[in-house]
Amino acid sequence: MLLVLAAVAAYPLFRTFYFGFTDASLDMLDSVNWVGFRNYLEWVDYGDGEGEFFGLLVDEVWWQSVWNTLYFSFVSVSFETFFGLIVALVLNANFAGRGIVRAAVLIPWAIPTTVSAKMWAWMMHDQFGILNDLLMKLHVISEPIAWTASSDTAMLAVLMVDIWKTTPFMALLILAGLQMVPRDIYEAAKIDGVHPVKVFFKVTLPIIRPAIVVAIIFRALDAMRVFDLIYVLTPANDDTRTMSVFAREYLFDFDKFAYGSAASTLLFLIIGGVTITIFAMGKTNVGREN
Amino acid sequence: MPIWIKRTSFYALVAVIFVLSVFPFYYAVVTSFKSGQAIFNVDYWPTSFSLDNYFTVLTQGVFGQQILNSIMVATGVVLISLALAVGASYALSRIAFRGKTLMLFTILSVSMFPQIAVLAGLFELIRSMGIYNSLWSLVFSYMIFTLPFTVWVLTTFMKALPVEIEEAAIVDGASPIEIIVKVFLPLMWPALVTTGLLAFIHAWNEFLFAFTFMATDAKRTVPVAIAMISGGSEFEVPWGNIMAASVVVTVPLIALVLIFQRKIVAGLTAGAVKG
């Protein structure tokens with residue numbers, strides 16, 4: 001088992017790091033030359049006293065995609081936590097048809113990402129999409145919007161689909177936390193005549209906080225590596241390109257294997273850094289749980 | 001606030017959650033039953049029932065083969081990762097050794113790896129192993145996310161089983177493999193079903209590796225196939241076919257989710273809450 005994991009994770013990871021320091025290209029992976037940090041940063045002297053920096057570290061498209069990734073992760077995880085909390089609170093209540101609603105909520109989670117991207121692409125179609133139709137009938141918008149193509153709305157479109165798709169996951173994790181809250185606490189609060197809103201903020205929220213923190217960590221890690229949704233819904237779009245999409249494009253579409261490897265390496269370091277930061281911030285909470 | 005307002009607004013909220021969750025899939029179904037020009041009329045309710053799109057998708061091209069690919073890959077991934085994980089989690093839950101906690105956390109963190117970070121190295125490895133454009137490349141590479149998760153959940157589960165059972169087996173002279181096969185496996189069915197299901201769904205839905213390691217149409221799995229259905233030009237995208245194909249690959253998953261709802265929820269939360 002450890003051998004398989006080493007073969008499928010550790011070895012390829014180090015090979016990726018290595019390729020980032022070489023001149024590898026897709027067809028010549030066997031004969032690569034070490035080029036040092038050239039993929040990251042290189043000063044090219046034009047000979048007349050002038051020159052320019054090249055490489056990943058001064059690549060504006062790369063930094064744009066880093067920003068897109070962080071923005072996407074922050075916004076989507078925030079909304080998913082909020083909506084997930086609402087859905088979890090609803091599912092934690094006793095009402096007729098709870099089983100059906102819980103099953104329905106799982107549907108977005110079970111649909112393959114590429115399939116949900118296509119379903120939404122059709123709903124967000126600029127001419128024949130039901131979303132534009134609905135919004136125009138409700139007089140929210142006066143003319144159709146090209147959701148996935150327009151640079152103002154592309155990120156919004158991606159965020160909508162992601163929030164739709166992963167809120168169930170968030171809701172389930174929070175629900176698991178909610179179900180660990182002892183029922184007699186609520187009864188005690190009820191007898192004391194405490195307002196339900198106050199009960200939520202003073203009793204429920206502190207108890208389920210560890211569960212929420214863990215859920216946020218999982219989702220944030222997942223959001224930062226987002227690839228398929230964006231690649232399928234808004235291909236080759238500067239406004240939504242994330243780090244993963246950038247790396248994949250250079251690795252295989254642009255035949256700059258080494259440059260893509262360098263981007264993958266940097267992506268790994270950035271996500272690792274963010275993870276450590278989140279853990280450091282959440283540690284006090286998680287620690288209390290154990 | 002009168003009780004009926006409270007109750008009405010609560011059920012309104014429930015209704016909103018329900019409609020938002022189901023609508024995109026419902027709309028895909030509605031669209032997939034439309035043929036020809038009808039598809040370009042926006043309808044909120046089913047207006048026609050034509051199986052043309054399904055017929056086209058399943059008879060033209062290699063979609064049937066692609067479904068078969070997905071089934072084979074997902075099944076292979078489940079079987080191999082369960083087999084490997086049972087042995088590993090037995091060791092992790094029963095045998096004491098130094099650095100065990102650290103090892104468990106390393107294993108779990110592998111499943112949260114950004115997959116793109118290993119893509120370049122895996123691509124090289126898979127080519128040198130000679131399994132590029134073969135379904136084995138996917139079975140192999142999917143271990144990166146199924147194994148850590150399966151090991152994690154099974155270890156937690158095994159730790160909860162009383163040690164006395166296997167002590168009795170040892171006294172009776174059973175070997176470690178006999179203990180795993182004859183004592184643990186019968187007890188572990190619930191955990192195996194849960195983790196197997198989740199591994200299956202993960203493998204069925206995976207896109208990045210399937211997209212990268214498969215070069216020919218007949219070898220692709222369904223998520224990639226659906227992403228790549230396209231018409232002659234940007235204006236001829238066969239939306240009806242895409243929706244029909246989407247429904248075909250999603251229905252089995254939704255069936256699984258509905259049947260095994262409790263198990264899936266238990267598995268998802270076991271992976272996270274106990275982490």
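1. Let's start with Tyr231(A) and Phe207(B): both are buried. Keep in mind that this is a predicted model. The two rings have their centres 6.5 Å apart and their planes at 50°, so the pair is tilted. This pair crosses between chains, with Tyr231(A) sitting in helix α9 (residues 228-233) of chain A and Phe207(B) in the loop between α9 (176-205) and α10 (208-213) of chain B.

2. Phe207(B) also has a ring partner in Phe211(B): here the centres are 5.1 Å apart and the planes at 15°, so this pair is stacked. Phe207(B) and Phe211(B) are both buried.

3. Over all chains, the structure holds 32 aromatic pairs. Elsewhere, ring pairs tie Trp62(A), Trp63(A), Phe246(A), Tyr250(A), Phe254(A) and Tyr259(A) into a cluster.

4. Now the interface as a whole. Chain B puts 78 residues into the contact and chain A puts in 77 residues. Between them the two chains bury about 7,000 Å², with 80% of it on carbon and sulfur atoms. On the chain B side, Met112(B), Ile116(B) and Trp239(B) supply 9% of the area buried against chain A, more than any other three residues.

5. How many salt bridges are there between chain B and chain A? The count is one. Arg15(A) pairs with Glu124(B) in a salt bridge, the closest N and O atoms being 2.6 Å apart.

6. As for what chain B presents to chain A, helix α1 (residues 3-32) of chain B gives the largest share, 15 residues. By type, the residues on that side divide into 61 nonpolar, 13 polar and four charged.

Definitions and conventions:
Residues numbered from 1 in each chain as written. Chains lettered and ligands numbered in written order. Predicted model: local features only at pLDDT ≥ 70, side-chain atom pairs only at ≥ 80, totals over all residues. Heavy atoms only, no water. Contact = heavy atoms within 4.5 Å. Buried area = accessible area lost by both parts, 1.4 Å probe. Salt bridge = Lys/Arg side-chain N within 4 Å of Asp/Glu carboxyl O. Helix = DSSP H or I, 4+ residues; strand = E, 2+ residues; numbered from the N terminus. Nonpolar A, V, L, I, M, F, W, Y, C, P; charged D, E, K, R; others polar. Phe/Tyr/Trp six-rings, centres within 6.5 Å; stacked < 30°, edge-to-face > 60°. Buried < 20%, exposed > 50% of the residue type's maximum accessible area, 1.4 Å probe, protein only.
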